[in-house]
Amino acid sequence: MSATSVEASAAQTLSRWSLLAQMSVRLLLQGGNGFARFVTWVSLLGLLLGVAILTLVVSVMNGFDYELRQRLLGNIPHVSIAQTPLDATLSDDLASDANVRSVGKYFRGFGVVHTGRQSQPVSVIGFAGAELARMEALEQAMQQGNLTNLQHVGDALVMGEPLARYQGLSLGDAVMIGLTVSQGDSVALRWLRFDLVGTFELGAETDYSMVLVNLDAHDDAYWHTLGQVGTRVMLHEPLQASSTGARLLRLAPEVSLTTWEAIYGELFQAVRLEKTMMFVLLFLVVAIASFNIVAGQSMMVHDKRAQIAMLRTMGAERGFILSLFLSQGALVALLGTGIGLAIGLLMSTFVNELVDFLASLSGQHLLDGSYFVTVPTRIVVADLLIIGSISSILAVLAAWLPARRASQLNPAQFLH
């Protein structure tokens with residue numbers, strides 16, 4: 001084929017698509033009777049609002065999930081090994097793993113904080129002095145005192161600021177903690193006295209359920225009588241804790257090993273399940289708005305039967321008629337999805353201003369009683385692509401049936 005023929009073919013195709021676009025815009029703005037246009041615009045509005053709300057909710061759910069992971073996983077052991085010091089095989093493997101951020105000794109015990117009439121179950125977590133220096137996230141969350149106080153005061157304790165308020169404690173106060181210890185076939189409480197030297201606030205469950213002590217205050221034999229002493233592994237990518245733990249178990253099957261997913265995995269599974277359910281429910285709204293396009297397009301095809309018959313007698317093929325009404329449905333899908341995504345992103349950016357405005361009207365803030373001060377949002381491009389793609393595909397599929405019906409009309413029946 002010559003270059004001239006290719007250019008002519010390309011120009012003809014471009015002219016065809018340009019004509020389809022112009023006629024699609026005219027059908028959307030002026031096509032059909034008034035009620036048909038009204039139904040089409042209502043469908044467009046419904047698709048737009050559905051996509052916008054879906055974008056906002058998914059962004060907020062992503063934000064809550066991300067914040068929860070950052071606050072929690074920055075301060076708990078990603079992999080806990082009930083062995084210290086580690087044998088050479090495990091130690092060498094962790095030293096060669098680029099994903100390992102730090103390895104150190106830890107202590108975990110379970111007990112209760114008791115002051116007067118107030119009691120609260122807690123996990124007692126112990127770190128050595130070298131590990132305390134690496135806990136940047138916790139250091140930034142300190143409200144009173146600092147983590148280094150644990151190293152300078154014997155039997156010192158750091159707890160969550162909300163827990164300290166609940167117990168009525170201030171810096172320097174004595175804190176009695178009862179740790180569960182095994183005595184033969186039974187379990188008993190062993191009461192220990194600590195001095196409160198600091199408080200932190202992560203904005204998570206650990207503010208009420210975790211207290212920190214310094215392992216260097218006593219030897220390993222002392223801590224062994226109170227709970228579990230082992231090795232704490234922190235990773236650059238906490239989501240790879242399971243694979244790291246599985247690899248370590250293959251190297252040393254006899255070792256007792258726990259990952260953060262075994263302790264807090266159900267919490268994050270619940271968050272993912274909630275996000276999935278909200279996505280499905282809101283996507284049904286988008287689907288209903290998309291299928292409303294069928295009604296508007298069908299009414300327009302019914303109203304334009306004579307014009308379709310004229311086009312057919314003038315030489316228009318069935319494919320052209322199909323493309324014409326399908327392109328109008330695609331235009332509705334493009335406008336509804338594109339504007340909906342833009343509005344959803346705008347609402348995600350200014351969601352806290354929106355929440356504050358609603359709080360001023362209702363007198364109650366959305367986040368009252370939660371760990372969060374502001375509504376976190378996190379925009380994930382992959383989620384936006386999924387929302388935009390599926391919404392557009394549903395809208396175009398909804399326009400297919402009326403467009404196909406228009407292409408199969410018999411011109412002779414409507415020419416009169």
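Visitor: How many bridges join S2 to S3, and do they run parallel or antiparallel?
Guide: Ten bridges join S2 to S3, and the two strands run antiparallel. Strands pair here if DSSP finds at least two bridges between them. Helices (H or I, at least four residues) and strands (E, at least two) are DSSP runs, numbered from the N terminus.

Visitor: Which residue in S3 is the bridge partner of phenylalanine 110?
Guide: That's serine 123.

Visitor: And what about S3 and S8, how do they run?
Guide: Parallel, with five bridges joining S3 to S8 (residues 210-214). Isoleucine 125 stands opposite leucine 212 in S8.

Visitor: Is S3 mostly covered or open?
Guide: Strand S3 (residues 118-127) is mostly covered, with seven of its ten residues buried. Buried means under 20% relative accessible area, exposed over 50%, and partly exposed in between (1.4 Å probe, protein chains only).

Visitor: Before I go on, what kind of model is this?
Guide: It's a predicted model: local features need pLDDT of at least 70, side-chain atom pairs count only at pLDDT 80 or more, and totals for chains, interfaces and linings use all residues. Residues are numbered from 1 along each chain as its sequence is written, and side-chain values use heavy atoms, leaving out hydrogens and water.

Visitor: Where is confidence lowest, and where is it highest?
Guide: It's lowest in helix H1 (residues 3-30), at a mean pLDDT of 58, and highest in strand S5 (residues 156-160), at 87. The chain averages 78, and 84% of the residues score at least 70. pLDDT is the predictor's confidence in each residue, from 0 to 100.

Visitor: Switching to H3, which of its residues are buried?
Guide: In helix H3 (residues 88-96), they're Leu90, Asp93 and Leu94. Seen down the axis of H3, they fall within an arc of 95°, so they line one face of the helix. That arc is taken from the directions from the helix axis to the C-beta atoms.

Visitor: What do those pack against?
Guide: Strands S1 (79-81), S2 (100-115) and S9 (228-235), plus helix H10 (241-251). Contact means heavy atoms within 4.5 Å.

Visitor: And which residues are exposed on the other side of H3?
Guide: Ala88, Asp92, Ala95 and Ser96.

Visitor: Last one: how many residues has the largest nonpolar core?
Guide: It has 32, and Ile293 is among those with the most contacts inside it. H13 gives the most to this core, with nine residues. A nonpolar core is a set of buried Ala, Val, Leu, Ile, Met, Phe, Trp, Tyr and Cys residues joined through side-chain atoms within 4.5 Å.
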